[in-house]
Amino acid sequence: MENRKEEIDLFQQALGLPYPWFVRSRSFNLEEGQFDIYLDLHEHPTFTCSVCGSEDQPYYDMGSTEQTWRHLDLWEFKTFLHAPHPRVKCKTCTTVKFARLPWTRFNCSFTLKFEAWVMELSKQMPVKPASRIIREHDTRIWRIIHFYVDKAMENQDLSSVRRIAVDETSSRRGHQYVTVVIDSDTRKVVFVTEGKDRHTIGQFAEHLSEHQGTPAQIKEYCSDMSGAFLAGMQEQFPDARQTIDKFHVMKLLGDAVDETRRKEQQRAPELKKTRYLWLRNERDLTTDQKSRLATLSTSFLKTAKAYQLKVAFQEFWNSSVRVAPLHMQIWYGWAMRSKVPDMMKAAQTIRKHAMGILHWFESRMTNGLIEAINGLIQAAKRRARGYRTTRNLITMIYLIGAALPL
Ligand SMILES: [Zn+2]
C-alpha cells in the first residue's frame, strides 16, 4: 500500500500537479495501448476564473461531467488525464464559470505539455510526419499551431523595425500569392499576407500600427521592380528610400538572355541544348562546358551579345558609389545599341528603376536576404504539404521565420 502511494506521488510530481490536485488512481489498458490517470481535489479552495482570469474566485460546484485531456505519452502509451472540472461563482463575470485548470488552456482537449511537444516537433518537421509520431489527425495539430502562432503574433512588437525587404511567393500551384515582409536588420519575418498587390503593403502598414510601430519609422525598403509593390510603398512610406533587389535585377537579365536564346535557336541550331550554359554561373561549369560557352559567347549570335551584356552588368555591382551611375549609363547605351530586343527591353526597365538600383551602393540591402526568404518559404511549403491552405502556409512561414517566443 505504501509503495502504491509513493508511486502515485511520483506521478503527481511528474505531472507537475499543484495542491490541492492529486492523482486518485491510474490504469493501463494494454490492449488499447492507453494509460489513464484520474485526478481529484483534496479540498475546494478558490480558483482563477477561466473566462476573465480573475483570481481567488469562490468554489461553486464540481461541474457535471468529468473531462479528458491528452497528455505526453508515458512509456509510449497514449496518456490521458481525467478530472472533474470545478466551477466558480465569478465576481467579475457575475455568473458561474469554469475554473482555470493548471495543466491546460480553456476549451482544449490537450494538456499544455502535450501542446508544447506538438509545437517543438512542428518547428522541426512537416506536419504530416509530426502527426504520425504524435498519433493525432493533422487537422488537430494545425489547430494547435494556429493557436500559438496567432497568440505570439498578437504580442509582436514592431517598434524597432526600420528597414524592410518585401517579396512574394506563390502559395498554391502558382494561383495564389502571399507577400512576405522581413526586417532587414534582424532578418526575421514580420508580416505575411495573402495577395501581391499594393494593398498588401497597406495591410502591412496597418499591421505595423497595431503592433507598436508607425509607418513613419520605415526608412528603407528593398523589393523587386513590380509596379504594385512600389506603388504601395510610395503610398504607405513616402519618406522611405527604395533599393531594388540585386537578385531580381540579375534575374531580369538572365530571363532576357534565355528569351533571346529561345527565339534564336530556331535558326541557329548550335544553340540547342545550351540553356544552362548561359544561365549558370561560369564558375559552376565543367571545363568542357566552359570551352563550349567561350566559343559560343564570342560568336556573332544575338544570344552571345545578350550574355555579354549580362556579364557586364554583373561587373557593375563591383563599381564604387561614385562611378556606378556612369557605369550604368555606359551599359545602357551598349544594351540599346546591341539591337537585341529582349535586352533592350530589360535595359529600359533598368533605366526606369535606376535610382532604386543605384541606392544599393549606399543601403547594401542584399539579394541574399530575398533568397533567404525564398529558401524559408520553400521549407514552409514542404511543411505545409498535404494540407496546403494559404492560412496554413502563412502560419508556417511565421513559425519558421518570425522567431516567435513560443
Ligand atoms: Zn470571470
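I take strands as DSSP runs of at least two residues, numbered from the N terminus. The model I am reading is predicted.

**Entry: serine 223**

I looked up serine 223 first. It sits in strand E11, residues 220-223. Is serine 223 buried or exposed? I count a residue as buried when 20 or more other C-beta atoms lie within 10 Å of its own. Serine 223 has 26 other C-beta atoms within 10 Å, so it is buried.

Next I listed what serine 223 touches, leaving out residues up to four places away in sequence. The list reads Val166, Phe229, Leu230, Met233 and Asp245. I also checked glycine 356, which is 133 residues away from serine 223 along the chain. Their C-alpha atoms are separated by 9.3 Å.

**Entry: the four-stranded sheet**

I traced an open sheet of four strands. Its order is E1-E2-E5-E4, and its pairing is mixed. Strand E1 (21-29) and E4 are the edges. Each has a single partner strand, so one side of each has no neighbour in the sheet. Neighbouring strands here are turned by 25 degrees against each other on average, direction ignored.

I then went through the pairings of E5. Strand E2 (residues 34-41) pairs with strand E5 (residues 77-84) in the parallel sense, over five bridges. Strand E4 (residues 66-74) runs antiparallel to E5, and seven bridges join the two.

Which residue of E5 is the bridge partner of tyrosine 38? I found histidine 82. Histidine 82 is also the bridge partner of threonine 68.

I looked at how E4 passes into E5. The two form a hairpin with two residues between them. Tryptophan 75 is in the turn, and I noted its positive phi of about 50 degrees.

**Entry: the three-stranded sheet**

I found an open sheet of three strands as well. The order is E3-E6-E7, with antiparallel pairing. Strand E3 (59-61) and strand E7 (96-98) stand at the edges. Each pairs with a single strand, so one side of each is left without a neighbour in the sheet.

I checked E3 against strand E6 (residues 87-89). Two bridges join them, and they run antiparallel. Tyrosine 59 stands opposite valine 88 in E6.

**Entry: helices H7 and H10**

I ended with a helix pair. The axes of H7 (residues 246-264) and H10 (residues 302-316) come within 8 Å. They cross at roughly 170 degrees. I call angles over 145 degrees roughly antiparallel, and H7 and H10 are therefore roughly antiparallel to each other.

Which residues make the contact? From H7 I listed Leu253, Gly254, Ala256, Val257, Thr260, Arg261 and Glu264. From H10 I listed Lys302, Thr303, Ala306, Tyr307, Lys310 and Phe313. I sorted the residues of this contact by type and got six nonpolar, three polar and four charged.

Conventions. Residues numbered from 1 in each chain as written. Predicted model: local features only at pLDDT ≥ 70, side-chain atom pairs only at ≥ 80, totals over all residues. Pairing = 2+ DSSP bridges. Axes fitted to C-alpha atoms, helices over the stretch in contact; angles between N-to-C directions. Parallel < 35°, antiparallel > 145°, perpendicular 65-115°, else oblique. Contact = placed C-beta atoms within 7 Å. Nonpolar A, V, L, I, M, F, W, Y, C, P; charged D, E, K, R; others polar. Buried ≥ 20, exposed ≤ 12 C-beta atoms within 10 Å, placed from the backbone.
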